[in-house]
Amino acid sequence: DRKTALKDLEMLKYVADKFGNEVVLRNYLQIQQENNKVESNLKAKYVIKIPELMAINIHNTFGKITITGKYKHLQLKTDFCNTELKKIIGNLKVETHYGEVFCQSVSGEISIKSDRTNLNISDISDECVIRSQYGKMQIQRIINLQKLTIDAQKSEITLVGVSLKNHAFHLVNDYGKLKIPSGFSSSTQNNHQVAMLNENLTAKIYIVNSFGTTSIEN
């Protein structure tokens with residue numbers, strides 16, 4: 001309905017301000033009266049091009065984010081969002097609550113904190129730290145990895161196509177399942193499982209998971 005759409009669009013506000021060296025972009029709903037409710041399905045879309053090697057901070061709720069390029073530091077905080085990160089160079093920090101994250105070809109230090117979020121990660125290098133609870137995680141094709149650390153609870157973790165001969169593995173699983181190929185040294189005691197491989201190699205993969213499943217697939 002055109003009349004309803006016009007009324008609702010008047011409540012959708014957009015702000016673009018500069019504070020010192022910071023540029024702030026923001027949209028929000030401004031409801032003048034309590035009995036006025038938004039009836040339309042409103043959507044705001046930003047297409048932003050920036051110079052390389054800048055620091056970026058994005059906070060988004062209910063939406064989709066697609067990012068590529070070189071950054072000094074890239075920080076994301078999302079709720080109920082789908083996020084695509086492709087061909088990223090720079091340090092990356094992600095905090096996500098519900099939704100999905102697709103991370104492909106990222107070169108730099110990566111830090112991810114996820115809650116009830118599905119993670120699909122491939123072609124990463126350098127260092128990666130992931131803290132996850134109540135989610136599914138698939139990691140594949142890691143390149144020039146220095147260290148991968150995963151601390152998870154009630155999560156389903158799968159590593160696919162990760163070279164066993166090039167990485168040192170230390171896997172711990174409490175009250176869950178540990179699915180590993182042959183060749184690992186392993187022990188189980190009172191629902192506490194530990195598996196290790198190639199302990200002397202410099203490229204480290206360290207995974208702790210509680211009440212979940214950790215799988216290593218060739």
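I began with S11 and S12, which form a hairpin with 2 residues between them. In the turn, Asn190 has a positive phi of about 50°. I note that this is a predicted model, in which local features need pLDDT of at least 70, side-chain atom pairs count only at pLDDT 80 or more, and totals for chains, interfaces and linings use all residues. Residues are numbered from 1 along each chain as its sequence is written, and side-chain values use heavy atoms, with hydrogens and water left out.

Terms for strands and helices: both are DSSP runs numbered from the N terminus, helices being H or I with at least four residues and strands E with at least two. Two strands pair if DSSP finds at least two bridges between them.

**Entry 1: strand S12**

I looked up the partners of S12. Strand S11 (residues 185–189) pairs with S12 in the antiparallel sense over 5 bridges. For Thr188, I found the bridge partner Gln193 in S12. Strand S9 (residues 168–174) also pairs with S12 (residues 192–197), in the antiparallel sense and over 6 bridges. There I noted Phe169, whose bridge partner in S12 is Leu197.

**Entry 2: helix H1**

Which residues of helix H1 are buried? I found Thr4, Asp8 and Met11 in this helix of residues 2–11; buried means under 20% relative accessible area, exposed over 50%, and partly exposed in between (1.4 Å probe, protein chains only). They cover an arc of only 45° around the axis, so they lie on the same side of H1. The arc is taken from the directions from the helix axis to the C-beta atoms. An α-helix has 3.6 residues a turn, so residues three or four places apart point the same way.

I then turned to the face of H1 away from its buried side, which carries the exposed residues Arg2, Lys3 and Glu10. The cover over the buried residues of H1 includes strand S1 (12–19) and strand S2 (22–29), with contact meaning heavy atoms within 4.5 Å. At the start of H1, I found a side-chain oxygen of Asp1 within 3.3 Å of the backbone nitrogen of Lys3.

**Entry 3: two arginines**

Arg116 has a phi of about 55° and is not a glycine; I located Arg116 in strand S4 (residues 110–124). Arg116 counts as partly exposed because its relative accessibility is 32%.

Where is Arg141? I found Arg141 in the loop between strand S6 (136–140) and strand S7 (145–153). Its phi is near 50°, again positive in a residue other than glycine. With a relative accessible area of 40%, Arg141 is partly exposed.

Notes:
A polar contact is a pair of N or O atoms within 3.5 Å; within protein, one must be able to donate a hydrogen and the other to accept it, and residues adjacent in sequence count only if both atoms are side-chain atoms.
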